[in-house]
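Subject: Two-chain model for you to look over

Hello,

Here is the model I promised. Please open it next to this note and read the two together.

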Amino acid sequence: MSTVLALAGEVTTGEAATFYILAPIALIGAIGMVWARNAVHSALFLVLTMLSLGVFYILQAGPFIGMVQIIVYTGAIMMLFLFVLMLIGRDASDSLIETLRGQRTVALLLGIGFAGLLCTGLGRAVGSMTSVGLDEANAAGNTQGIARDLFTKYVFAFEVTSALLITAAVGAMLLAHVEKVKAEKVTQLEMMRARFAPGNYPAPKPGPGVFAATNSVAAPGLLPDRTVAGRSLSALVPTRELTEAEAAPKGTEK
Amino acid sequence: MDPSYYIVLSAALFTIGAVGVLIRRNAIVVFMCIELMLNAANLALITFSRMNGSLDGQIMAFFVMVVAAAEVVIGLAIIMSIFRTRRSASVDDANLLKY
């Protein structure tokens with residue numbers, strides 16, 4: 001890790017090469033996330049961007065935060081996203097219809113304008129800045145340095161964070177909880193009364209016409225007067241009427 | 001190359017995330033765009049930390065990650081409960097407060 005930490009001040013050739021390889025990958029991931037129609041593809045593109053950012057953090061003398069990025073962000077948060085995507089249906093993709101006309105064009109124009117403003121402001125602020133580097137701050141090790149600041153200077157913020165996490169956990173439980181209403185439970189007596197109530201046919205439904213002329217469950221059962229018994233048809237199986245050719249003897253009978 | 005190149009990349013990622021929030025209709029993808037914006041801000045914080053020679057930026061990025069984790073848990077739970085009642089994750093369908 002000492003070789004990584006030594007890079008802190010000015011940019012070395014190796015760091016520049018890594019940046020020029022990974023920065024386009026991060027951008028491709030970001031654009032792909034917005035572009036992809038399928039939400040699962042979006043999530044995977046975002047994972048790509050986050051992994052590249054994790055490498056950037058490690059490059060910039062922050063091995064601890066880089067590892068946290070890869071483990072917590074890419075490993076936990078994005079997998080939570082994928083989990084919810086699978087729960088609510090993978091095919092919940094976007095419709096291509098714009099609800100507001102010209103919204104996409106306006107959004108793109110706003111984005112370009114925003115990027116322009118951001119770049120001018122940052123260019124003025126950062127352009128003349130010299131990089132100090134984290135060599136001195138990381139002298140006792142990056143993780144140790146972060147721990148020292150976190151438990152002295154930022155200890156109050158750190159404690160408040162625990163309250164935030166507890167609130168989030170309780171809130172998620174509350175939001176995801178579905179209350180079961182006791183009155184909805186049907187007793188056996190009520191089920192029996194409903195079965196023999198007027199208008200309900202208490203006997204089991206007739207089976208399909210399997211083996212009468214065909215062995216398909218789609219064939220309707222016939223009543224003695226050769227009319228179709230409507231209750232023998234399943235709502236899930238499409239009705240099938242046999243053609244003359246299908247009903248004709250196959251020549252396999254004895 | 002200068003460390004400020006990282007800032008340019010961070011600005012580009014933030015812009016892409018903001019445009020994504022405006023364009024996409026699927027609530028989960030909108031949420032992922034917000035995550036991208038948080039990540040872009042983190043990259044800027046870590047670059048500033050390196051430029052100024054102080055670990056404060058890295059600690060701020062760490063806090064951003066903690067808050068983002070809490071936010072994701074709550075946000076996904078809200079999306080789940082909306083999906084349970086409306087059978088849809090599109091932000092256009094959740095418009096009852098409009099009328």
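Chain A has an accessible surface of about 16,900 Å², and carbon and sulfur atoms hold 69% of that surface. Areas come from the Shrake-Rupley method with a 1.4 Å probe, and for residues only the protein chains shown count as cover. For chain B the surface is about 3,600 Å², with 69% on carbon and sulfur atoms.

Some ground rules. This is a predicted model, in which local features need pLDDT of at least 70 and side-chain atom pairs count only at pLDDT 80 or more, while totals for chains, interfaces and linings use all residues. Residues are numbered from 1 along each chain as its sequence is written, chains are lettered from A and ligands numbered from 1 in the order written, and side-chain values use heavy atoms, without hydrogens or water.

**Chain A**

Chain A has 9 helices and 0 strands. (Helices are DSSP runs of H or I with at least four residues, strands are E runs of at least two, and both are numbered from the N terminus.) Of its 254 residues, 31% are buried. Buried means under 20% relative accessible area, exposed means over 50%, and partly exposed lies in between, with a 1.4 Å probe and protein chains only. Among contacts in chain A with a separation of 6 or more, 50% join residues 24 or more positions apart. A contact is a pair of heavy atoms within 4.5 Å.

One residue to check is Ala61(A). Its phi is positive, about 60°, although it is not a glycine. Ala61(A) sits in the loop between α3 and α4 of chain A. It is buried, because its relative accessible area is 0%.

**Chain B**

Chain B has 3 helices and 0 strands. Its C-alpha atoms fill a box of roughly 50 × 25 × 20 Å along the principal axes. The radius of gyration is 17 Å, whereas a compact globule of 99 residues would have one near 13 Å. (That radius is taken over C-alpha atoms, and the globule rule is 2.2 Å times the number of residues to the power 0.38.) Buried residues make up 58% of the 99. Of the contacts with a separation of 6 or more, 55% link residues 24 or more positions apart.

Ile7(B) is in helix α1, and Ala40(B) is in helix α2. They are 33 residues apart in sequence but 8.8 Å apart in space, C-alpha to C-alpha. Ile7(B) counts as buried because its relative accessibility is 3%. Ala40(B) is buried too, at 1%. Leaving out residues up to four places away in sequence, Ile7(B) touches Leu122(A) and Val126(A) in chain A, plus Ala44(B), Thr47(B) and Phe48(B). With neighbours within four places set aside, Ala40(B) contacts Ser10(B), Leu13(B) and Phe14(B).

Which residues touch the most other members of the largest nonpolar core? They are Phe56(A), Met78(A), Phe81(A), Ile28(B) and Met32(B), in a core of 60 residues. (A nonpolar core is a set of buried Ala, Val, Leu, Ile, Met, Phe, Trp, Tyr and Cys residues joined through side-chain atoms within 4.5 Å.) Elements giving two or more residues are α2 (13-35), α3 (39-59), α4 (63-87) and α6 (142-150) of chain A, with α1 (4-23), α2 (27-52) and α3 (56-86) of chain B. The largest share, 12 residues, comes from α3(B).

Best wishes
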